[in-house]
Amino acid sequence: MTHTEISDQKHQERRQRRKRRNVRLLVESLAAPTVAIIVLALWQFGVPLLGLSAFILPTPLQIVERIGTDYRLLLNNTLVTLVETLAGFAIAAVGGVITAFAIFYSRLFERAVYPLLVAMQTIPKVALAPLLVLYLGYDFAPKCFLAFLLAYFPVVIATVVGLKALDKGMVDLVRSMGANEWQTFIKIRLPAALPNIFGGLKVAVSLAVIGAVIGEYVAAERGLGYLQLQASSQFDTTLSFASLIIIAAIGVVTFWAIELVERRAVFQREAAK
Amino acid sequence: MNALVGATRKLKGVDVAITNLTKIYQTRDGNDLRALDPVSIAITPGQFVAIVGPSGCGKSTLLSLVAGISPRTSGTILIDGQEVRRPHPKVGVVFQTDLLLYWRTVIDNILLPIEIKGWDRTRYTARADDLLAQVGLGGFAQKFPSELSGGMRQRVAICRALVQEPGLLLMDEPFGALDALTREQMISDLQTMWLSVKNTVMFITHSIEEAVFLADRVLVMSPRPGRIDIDLHIQIERPRSWKSRLESKFVEYMTQIHEIFEARGVLTNS
Ligand SMILES: Nc1ncnc2c1ncn2[C@@H]1O[C@H](COP(=O)(O)OP(=O)(O)O)[C@@H](O)[C@H]1O
Ligand SMILES: [Mg+2]
C-alpha cells in the first residue's frame with residue numbers, strides 16, 4: 001500500500017468511529033425524553049380508559065392547558081416561591097461554606113459546633129414550621145428561614161468532607177515551596193474541595209425548594225405551596241397538579257443552574273480523558 | 001525519550017551539614033516513636049548523595065526535616081551555613097507520588113513554586129519550557145496531568161522541583177511507583193539532567209542498584225531508629241550506562257551494601 005492509501009484508510013476509519021460515537025450520543029440524549037413520553041402517553045390514555053375524572057386524576061394535556069389559561073396566577077406565585085428559595089439557599093450556601101471553614105481550621109469550633117449541628121439535623125425541621133410562623137410571622141421570613149435550615153447542613157458537611165479529603169502529601173508539597181496557610185488554602189485546599197462543595201450545593205438547592213414550599217403549606221397568602229393547598233381544598237385537582245409541576249420545575253432549573261456554574265468553575269476530571 | 005542536554009544552565013549547589021539530628025514522633029496512643037537516632041551527614045556542594053535503607057527506617061523523616069516541613073526533635077541542619085527553621089528557598093522536593101494538581105495544566109503545575117514564591121512568572125516560563133523539552137515532553141505544556149502516563153507525570157514533577165533553580169534537590173523514592181522499564185529510563189535521564197545542572201542532590205531510595213548507579217556517595221541507613229551505618233564513595237566514571245552495572249566495581253559496591261543489610265537482618269539468605 002502506498003502512503004496516501006494508508007492515510008486514506010485511516011481517515012475513513014476515523015470518520016466511521018466518529019459516526020458511531022455520534023449515533024451513541026444521540027441515542028443517549030434521547031433516552032430520558034423517550035421514557036418521559038411513554039409515561040406521559042400511558043397517563044394520557046390510561047386515565048379515560050380507567051374512567052377517572054379530572055377531579056381524581058387530570059390528564060397531562062388538561063394540566064398543560066390549565067397552566068396556559070392560569071399562567072398569570074401561576075407566574076406570580078412562582079416568583080414568590082422562587083425568591084424565598086433562592087434567598088434561603090444563598091444564605092445557606094455562604095453560611096454553610098464559612099461554617100465549614102471554621103470547623104476545618106478550629107478544633108475548638110469543631111468540638112463546640114459539630115455535635116450541635118448533627119443533633120439539629122435529627123430534628124424533623126418540617127415540624128418547626130408552625131413555630132416559625134409564631135416567631136417570624138406569616139410573610140417572607142419563615143419560608144426563607146425554612147429553606148435555609150434545610151439547605152444549610154448538606155453544604156457544611158460536603159465542604160468539611162471535601163477539605164478533609166485532601167492528600168497530606170499535597171500540603172507537604174506546597175509547604176516545601178514555602179507556602180503560607182493562605183496560599184495553601186487558595187492554591188490547593190479550595191480547588192481540591194470545589195467538586196464536593198458543588199455536590200453539596202446541588203443537594204442544598206433541591207432542599208431549599210422543599211423548605212420554601214413547606215413554609216407556604218403552614219401559613220401563607222402567596223406562593224405555589226399556598227396555591228396548591230388552596231386548589232386542593234376546592235377540589236381543583238388540575239390546578240393542584242399544575243402547581244406541583246412548577247414546583248418540580250423550580251427544583252430542576254435551579255439544579256441545572258448550579259451545574260452550569262460548576263462546569264465553568266470546576267475542572268472536570270473526566271473532561272480531559 | 002532522549003534527554004537533550006545543555007538547555008539548562010549549571011546551578012550553584014549548596015552545602016548541607018546535618019549534626020546529631022533526631023526525630024521522635026508522638027504516636028496516637030501517647031508513646032514516643034524514635035524515628036531517627038542521632039544522624040550526622042556533611043554534603044559538599046554539587047554532590048549526589050543517595051540514602052538507602054529498609055522501609056520505615058526514617059528516610060522520609062530525614063528528608064522532611066531537611067525540607068523544613070516537619071520540626072526536628074534535636075540537632076542542627078545547616079544549608080549553606082543557614083539553620084533550617086522553615087523551608088529553605090533554595091530547596092526543591094520531588095516526592096514518591098507526582099502530586100500534580102489535576103486542575104492545572106502541565107506548565108501551570110511546573111510554575112506553581114514560582115507563583116507561591118511570588119516571582120515573575122513570565123521570566124520562568126521559558127525555563128519551564130526548556131525543562132520540559134529536556135525531559136522529552138516538548139509539546140505537553142498545555143496538557144492536563146490525566147493525559148500523561150505515570151512516568152511522564154513524574155518527569156513533570158521533577159521539572160517543577162527544578163524550575164526554581166534549587167541548589168539542593170531532595171528526592172524521596174521518586175521512581176518507586178513506576179514500572180521497571182520506565183524506571184530504568186528515568187534513572188538514566190536523571191543522571192543526564194543532573195550532569196547538566198550539577199546541584200546538590202539527596203536521593204532517597206530502597207533500591208541498592210539505583211543508589212550505586214546514580215550517586216557519588218551512598219549512605220546506608222540501619223533499621224529504625226535510623227542511623228547512618230556506612231558512607232560509601234562510589235568511584236565509577238560518568239556518564240554511567242547500563243554497562244556500568246556489569247563492572248566489577250559496581251558489583252563490589254552492591255555486594256558491600258547487601259552484606260550490611262544481611263548483617264542487620266534486613267535481608268536474609270535462606
Ligand atoms: N507523622 C508520623 N507520626 C508518627 N509516626 C510516624 C510519622 N511519620 C512516620 N512515622 C513513623 O516513623 C518511622 C519512619 O518513617 P519514614 O520516615 O516514613 O520511613 P521510610 O521513609 O524510611 O520508609 C516509621 O516507623 C513510621 O511509622
Ligand atoms: Mg518513605
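Visitor: How many residue pairs are in polar contact between chain A and chain B?

Guide: In this predicted model, the count between chain A and chain B is two residue pairs in polar contact, both at pLDDT 80 or more.

Visitor: Which elements of chain A give two or more residues to the side that touches chain B?

Guide: They are helix H7 (168-176) and helix H8 (181-218) of chain A. H7(A) provides the largest share of that side, seven residues. By residue class, the side of chain A that touches chain B holds 11 nonpolar, four polar and five charged residues.

Visitor: What is the area buried between chain A and chain B, and what part of it do carbon and sulfur atoms give?

Guide: The buried area is about 1,900 Å², and carbon and sulfur atoms give 71% of it. A:Met177, A:Lys187 and A:Phe267 supply 33% of the area that chain A buries against chain B, more than any other three residues.

Visitor: What makes B:Glu115 and A:Lys187 a salt bridge?

Guide: The closest N and O atoms of B:Glu115 and A:Lys187 are 2.8 Å apart. The rule asks for a Lys or Arg side-chain nitrogen within 4 Å of a carboxyl oxygen of Asp or Glu, so the pair of B:Glu115 and A:Lys187 qualifies. Across the interface of chain A and chain B, the rule finds one salt bridge. A:Lys187 and B:Glu115 also belong to a network of salt bridges that includes B:Arg104, B:Asp108 and B:Arg121.

Visitor: Why is B:Arg217 called buried?

Guide: The relative accessibility of B:Arg217 is 6%. Buried means under 20%, therefore B:Arg217 counts as buried.

Visitor: How do you know that B:Arg217 forms a salt bridge with B:Asp231?

Guide: Their closest N and O atoms are 2.7 Å apart, and the cut-off is within 4 Å. B:Arg217 lies in strand E9 (residues 217-221) of chain B and B:Asp231 in strand E10 of chain B, so the pair ties together parts 14 residues apart in sequence.

Visitor: Why is B:Asp231 called partly exposed?

Guide: B:Asp231 has a relative accessible area of 36%. Since buried means under 20% and exposed over 50%, with partly exposed in between, B:Asp231 is partly exposed.

Conventions
Residues are numbered from 1 along each chain as its sequence is written. Chains are lettered from A and ligands numbered from 1 in the order in which they are written. This is a predicted model: local features need pLDDT of at least 70, side-chain atom pairs count only at pLDDT 80 or more; totals for chains, interfaces and linings use all residues. Side-chain values use heavy atoms; hydrogens and water are left out. Helices (H or I, at least four residues) and strands (E, at least two) are DSSP runs, numbered from the N terminus. Buried means under 20% relative accessible area, exposed over 50%, partly exposed in between (1.4 Å probe, protein chains only). Buried area is the accessible area (1.4 Å probe) that two parts lose on being put together, summed over both. A polar contact is a pair of N or O atoms within 3.5 Å; within protein, one must be able to donate a hydrogen and the other to accept it, and residues adjacent in sequence count only if both atoms are side-chain atoms. Ala, Val, Leu, Ile, Met, Phe, Trp, Tyr, Cys and Pro count as nonpolar, Asp, Glu, Lys and Arg as charged, and the others, Gly among them, as polar.
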